[in-house]
Amino acid sequence: MSLWAVLLTGLFAGGTSCAAVQGGLLAGTLARRHPEPAVTGPAKNRPQRKKAPFGPPPARLDDAAAVGAFLGGKLASHALLGAGLGLAGDALQIAPRVRAAMQIVAGLVMVLLALNLLGLKAVRGLVPSPPAAWARLVRRSGRWGGALAPAALGVATVLIPCGVTLGMMFLAVASGSPLAGAAVMATFVIGTMPLFALIGYAARRSTTYVRGRLGPVTGAAVLLAGLLSINAGLVLNGSSFTLAGVWREVTKATAATPVAAPPVAADGVQRIVINAHPSGYSPSSVTARAGVPTMLTLRTQNNLGCTRTIVMASFGIQKLLPATGDTEVDLGTLKPGTYRYTCGMGMYSGSITAVA
Amino acid sequence: MGGPDILVFAVTGMHCASCGLLIDDAVEELDGVERCQTDARRGRTVVTTNLAVATADAIVAAIVEAGYQAEPVAG
């Protein structure tokens, strides 16, 4: 799953959820800092409120700063968590196929979360939820009267992840690197920010209506993210049963014409060159001779994209290529068949077909 | 007479732990409510209250105002 997909998940699914719910928590914290004198027109037979936690936002510049502090705290804690989860994934990572399996498991867990959000009661008991003590800690951080309360609340939200955030946490583990894990979580939180700033704060009263109706919307988004994660795992695993493969079957589209097998050099070795561009691999489909020792050259030039990480599950190979340069990979003597490879995010792929 | 009353509500519409915190905040803002604890996964809110001040109807209204649906259930 690419960082773009993570960003969009944050923007549409996470943003709505965070804006409506965590925006309300932040509003309560701000209201405690600037209590209003009274609530006008309380309903009949209703007790007076001690304070007005969800009143209209007072026009204060320092409240805008507080929102910034909240989001900054949230970004920092989630990026740190992502780094930790990526590190855990790194420790667990044994081989590219294991990593692909982790990505598929992450997707399956997201599907489980989505079914719960969509109201399937049978899976409720299987869905992880944070301990009550963590929730109490979050509440305490929001009630702390100091100027740093919004930032503390933002940091503490890492303890109470929603379904979408949990899905991103699994992706961070599957990323298998502290940097990539931090990038996944940070990108997700950055994605939630625009809606949070627009809806969660400026119009927080109006979000009350949508709060209780977020389950299906969030569930649909998590389901989509889960399916994309499963697909990315299948791509990483070199499977031909992927969304792109199904799409090709449905549309009867023909795959790219494979580049002909390279000549065998005087030393008896065939040499294949594949260029890793930021937007994909070229040629994406290469034919090779089976039964001939094969050297693969992976060539990069000013490439800072995800294609720098290449996973060749069939060979148990995973390499981080330099931004510019050639990387030689000994593929040994190929048996007839198709060998798929992919970028580290499962986003771009290609294949080498060995023919007798 | 006696101590505070404990009421249990079935709440729907929650989708994460933050929803539970939001409900706890809203209910505890009511005079007469001593404590509110919401379990988002089970969809239950347990309120320790003085019924003479904060009635079940008032608590339901506060939860509804926070954006969720609630109804009292037997503890």
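**Note on a predicted two-chain model**

1. In chain A, strand β1 (residues 270–277) and strand β4 (residues 293–300) run parallel to one another and pair over six bridges, where strands are DSSP runs of E of at least two residues, numbered from the N terminus, as helices are runs of H or I of at least four, and two strands count as paired if DSSP finds at least two bridges between them. Within this part of the structure, Asn275(A) stands opposite Arg299(A) of β4(A).

2. This is a predicted model, in which local features need pLDDT of at least 70 and side-chain atom pairs count only at pLDDT 80 or more, while totals for chains, interfaces and linings use all residues. Residues are numbered from 1 along each chain as its sequence is written, and chains are lettered from A and ligands numbered from 1 in the order in which they are written.

3. The sheet to look at in chain A is an open one of four strands, in the order β2-β1-β4-β7, with mixed pairing. Its edges are formed by β2 (280–282) and β7 (325–333) of chain A, each of which pairs on one side only.

4. The largest nonpolar core has 114 residues, and those with the most contacts inside it are Met185(A), Val222(A), Val27(B), Ile59(B) and Ile63(B); such a core is a set of buried Ala, Val, Leu, Ile, Met, Phe, Trp, Tyr and Cys residues joined through C-beta atoms within 7 Å. Helix α3 (residues 96–117) of chain A gives the largest share of this core, 12 residues.

5. Val222(A) deserves a separate look: leaving aside residues up to four places away in sequence, Val222(A) touches Ala13(A), Met110(A), Leu113(A), Ala114(A), Leu117(A), Gly163(A), Val164(A) and Gly167(A), a contact being a pair of C-beta atoms, placed from the backbone, within 7 Å.

6. Chain B contains two helices and four strands, which follow one another from the N terminus as β-α-β-β-α-β. Of its 75 residues, 51% count as buried, that is, with 20 or more other C-beta atoms within 10 Å of their own.

7. As to confidence, chain B averages a pLDDT of 87, with 96% of the residues scoring at least 70, on the predictor's scale from 0 to 100 for each residue.

Terms used: A residue is buried if 20 or more other C-beta atoms lie within 10 Å of its own, exposed if 12 or fewer, and partly exposed in between; C-beta atoms are placed from the backbone. Two residues are in contact if their C-beta atoms, placed from the backbone, lie within 7 Å.
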